[in-house]
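Please look over the structure shown here before reading the notes below it.

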Amino acid sequence: MTEVEIDCENFAGSLTKLLRLLLDSELDIFALRLEHVVEQVVQAIMDAHTPLAVDEAGTHLVLCSTMLRLKSRRLLPVEDLRQTEASLHADDPALLSIVQGLTYESYREVVDMLENLAAESALLSPRGVVAYEALPSAGGSLQKVSLLTLVAAFEQAMRLRQPMVLEVSRPACTLAWGMSYVRQTIEAQGRVEFSCVFPLACSRLEIVMIFLGLLELVRLGEVLLRDDAAACYLESREAGQVA
Amino acid sequence: MLSKLGLFEALLFASGEPVERKRLMEILSIGDQDLALLIAQMEDVCVEPTRGIMLRIVADSLQLVTKPAAADLVLRLTAGRQYKISKPTLEVLAIVAYKQPITRAEVEEIRGVKCERALLTLLEKGLIVEVGRKDSMGRPILYGTTENFLHHFNLRSLKDLPLPG
């Protein structure tokens, strides 16, 4: 839509912006001579050099009439004003749609600015961060393994491996330990069923660390997850590529 | 022996991730003013064309990042691009950013269409987060932006958001 520029004593900008400011009460409507605004809009509509399309001219006239209506409503006594402000939107679908349209339009303008900011920000890379899409592919098979499958397999492992000792874990039980344990297991056994990765006697913390280690290895692309009909299997990336 | 500036650079380099000012002050045993001085010195050093890195300040965190001029080469090294957000999702994000804390229904009222999917996407990407519940019927969830949002758009704070219209 072609914007009509308004230039008054206390405002300079587009007509839509003016209405938005008035609706949000960020500009005092009583400090504004609306006849000047209307004159400028009519002048823009009637401009012989660049005449506005009929629908656009109509929209601008509706915006002007909305401003006039708003000012007349705000001239009412306070008690009446409360009622009319409350019912302003409810009894006037046209005004409601204009307000919504203006609000929505302002956010659409911001989207372009945000896109530019994101593009500029993408030019800055922190150390060691591999871009989201540049993470090594997990071989495509990961996409066939749903999160629910993983969670179900994890819960099964938790159920099967009840702790045989008190929950006192070795200090070595860290994420690095979990990753190292999964690596060793896969190296030793090749293809391993998910629930068999966890040792028979282990604490809950160890199960959690092994699971987190496994997720980290999948993220790093060292380990592939395959979801067969019967169960979920793990294998090394090299083995997966050979297969 | 390394200077405070050298130690400051070493900490930021070793972290890779944004480091909170408070944490830096603790580790370096310095105060607010000293840190501000180090930041200014670091920015002076990084502005030299012989340096390929610069200091990025987002909210209360500091991070070393490569300069935009090196972006092409860095992208060749990492062979990747940053994820993109679709326009409709970005619209929802803009509404949340400017009107936060805001409920899903309020976002939908502004957009005129459903936005559940977009909100989920933004939650997954860590750009928005649940910040509480509105004190109204049904106690709907209120959403707000995260520090990751500031990182994604390279903003120091929400005050740096572009003004609409």
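Accessible areas come from the Shrake-Rupley method with a 1.4 Å probe. On that basis, the accessible surface of chain A comes to about 13,800 Å², and 58% of this surface belongs to carbon and sulfur atoms.

**Confidence in chain A**

- The mean pLDDT of chain A is 73, and 67% of its residues reach a score of at least 70.
- Within chain A, the highest confidence is found in helix H2 (residues 34–46), with a mean of 87, whereas the lowest is found in helix H4 (residues 78–90), with a mean of 54.
- Over residues 131–141 of chain A the pLDDT stays under 50, and for this stretch the model has 23 contacts beyond four places in sequence.
- Where pLDDT is low, the predicted coordinates should not be read in detail.

**Overall make-up of chain A**

- Chain A contains 9 helices and 5 strands, and, read from the N terminus, these elements follow the order β-β-α-α-α-α-α-α-α-β-α-β-β-α.
- Of the 243 residues in chain A, 40% are buried.

- Chain B has an open sheet of 3 strands in the order E1-E3-E2, with antiparallel pairing.
- Strand E1 (19–20) and strand E2 (53–58) of chain B stand at the edges, and because each has a single partner strand, one side of each is left without a neighbour in the sheet.
- E1(B) pairs with strand E3 (residues 61–66) of chain B over 2 bridges in the antiparallel sense, and here B:Val19 stands opposite B:Leu62 of E3(B).
- E2(B) and E3(B) are also antiparallel, pairing over 6 bridges, and B:Val58 stands opposite B:Ser61 of E3(B).
- The hairpin of E2(B) and E3(B) has 2 residues between the strands, and B:Ala59 in this hairpin takes a positive phi near 50 degrees.

**Helices against the sheet in chain B**

- Helix H1 (residues 4–15) of chain B lies across E1, E2 and E3 of chain B, and runs at about 75 degrees to E3(B).
- Helix H3 (residues 32–46) of chain B also packs on the sheet, where it touches E2 and E3 of chain B, and its direction makes about 140 degrees with that of E2(B).

Definitions and conventions:
Residues numbered from 1 in each chain as written. Chains lettered and ligands numbered in written order. Predicted model: local features only at pLDDT ≥ 70, side-chain atom pairs only at ≥ 80, totals over all residues. Heavy atoms only, no water. pLDDT = per-residue confidence, 0-100. Helix = DSSP H or I, 4+ residues; strand = E, 2+ residues; numbered from the N terminus. Contact = heavy atoms within 4.5 Å. Buried < 20%, exposed > 50% of the residue type's maximum accessible area, 1.4 Å probe, protein only. Pairing = 2+ DSSP bridges. Axes fitted to C-alpha atoms, helices over the stretch in contact; angles between N-to-C directions.
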